[in-house]
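Please consult the sequence and structure shown below while reading.

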Amino acid sequence: MKETISHSPGWYIKKRFMKNKLAVFGMGFIILCVIISILGYLILPDGSPNSNEMCLQLNMIHPMSSVKVLKIRKNKEIESSGFFNKMFFGSENPYTIVPINDYQFNGDSLIADVYTGLKDKKLSRVYSLPEIIYPLDDNNTINLNENNLSFQTVDGKILSASVDELKKEIIEKNISKKTFIFGTDEFGRDLFSRLLLGTRISLFVGLIAVIISLFLGITLGSMAGFFRGKVDSAIMWLTNVVWSIPTLLLVIAINLALGKELWVVFVAVGLTMWVDVARLARGQIFVVREMEFVEAGRALGFHNFRIITKHVLPNIMGPLIVITASNFASAILLEAGLSFLGMGVQPPMPSWGGMIKEYYGYIIFGDVYLAMIPGCAIILLVLAFNFVGNGLRDALDVKM
């Protein structure tokens with residue numbers, strides 16, 4: 001006789017979820033965005049704070065364009081950032097990026113044909129070899145002795161190197177080709193870096209908003225559904241008042257009252273999304289509170305708080321997980337809308353809604369990609385959360 005293998009309920013939920021290809025795609029895309037958000041500046045082509053390194057000669061470079069660049073060492077000491085500090089806050093680039101068409105060496109100097117972005121305008125600049133590689137003192141005098149150069153750095157050290165060694169190092173480390181995957185904006189900033197960094201803002205807003213909405217919604221909804229009576233009437237009156245106010249209008253009002261700080265965006269979005277959670281929790285608890293295990297808890301003398309947290313809430317988590325995914329998507333859209341209106345994340349910090357606001361005017365000039373790329377990113381992330389929400393709804397439905 002064939003033995004029947006029993007599995008846990010979680011195994012069957014996972015199996016049903018994995019059968020939904022769109023839900024799996026959505027989960028994979030969300031995981032990818034989470035990884036990008038965590039690693040942050042470590043994986044960005046432009047690792048400067050807010051990916052805000054400007055190079056005006058490279059403004060409006062089209063996607064997948066490559067430009068030869070010369071890296072000139074800044075004449076100041078750049079403190080090295082720790083691993084986690086660089087991951088979350090970025091670090092200043094120790095080099096100034098100079099786009100060039102071509103270059104040639106002339107004795108102890110390098111003559112660069114600077115890229116200006118204009119076909120009929122040429123510009124040449126001469127750099128001494130040490131100033132390309134080392135941070136030199138402003139009053140430094142470079143001395144040439146036969147084939148050796150001696151110079152003083154900003155920290156007072158006097159160094160010496162041969163001209164041939166400096167040329168070799170410049171060719172290997174200071175001259176390279178830079179490719180802009182999504183092009184650049186009007187200030188010459190790398191659009192790809194700013195787009196990836198905007199992922200962090202969208203996910204953080206969604207996460208904080210969902211945590212706030214779950215805390216308030218579950219707390220108030222549990223009290224209303226479990227105690228009923230006057231408690232239910234008071235909480236439902238509050239939810240109906242909040243429900244009657246347009247969500248975007250309420251977010252703007254909170255934003256204006258508390259200011260335009262980044263944390264205000266998180267709180268404002270979260271404070272407008274708890275109503276759905278509260279109404280759902282209340283309705284589910286209405287059913288669960290009449291079941292035998294709740295009566296058994298009362299008979300055993302358990303406190304109401306223990307009955308709600310240990311016995312009632314675990315039995316209604318399925319619907320709450322589904323609405324959490326939906327609220328995540330709604331929070332991302334709200335943040336994008338606020339940033340587009342200038343009420344959300346403030347420049348130079350990149351956010352997808354703010355990028356659309358900055359670049360939508362270029363649509364009439366044919367540079368549609370500037371606004372379309374962050375718009376597509378919003379669509380993909382919102383769809384991903386909706387796909388996951390639908391997949392969880394079907395997976396948690398025992399009738400499926």
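A residue is called buried under 20% relative accessible area, exposed over 50%, and partly exposed in between, using a 1.4 Å probe and protein chains only.

## Basis of the model

The model is predicted, and local features need pLDDT of at least 70, side-chain atom pairs count only at pLDDT 80 or more, and totals for chains, interfaces and linings use all residues. Residues are numbered from 1 along each chain as its sequence is written, and side-chain values use heavy atoms, with hydrogens and water left out.

## Overall form

The protein chain holds 15 helices and eight strands, defined as DSSP runs (helices H or I, at least four residues; strands E, at least two) numbered from the N terminus. Of its 400 residues, 42% are buried. The C-alpha atoms fill a box of roughly 100 × 60 × 45 Å along the principal axes.

## Cysteines

The count of disulfides, pairs of cysteine sulfur atoms within 2.5 Å, comes to zero. Cysteine 33 is in none, the nearest cysteine sulfur being that of cysteine 376, 13 Å away; this is too far for a bond. Cysteine 33 is buried, at 4% relative accessible area, whereas cysteine 376 is partly exposed at 38%.

## Aspartate 190

Aspartate 190 lies in the loop between strand E8 (175-180) and helix H6 (191-227). Its side chain makes a polar contact with the side chain of serine 193 at 2.8 Å; such a contact is a pair of N or O atoms within 3.5 Å, where within protein one must be able to donate a hydrogen and the other to accept it, and residues adjacent in sequence count only if both atoms are side-chain atoms.
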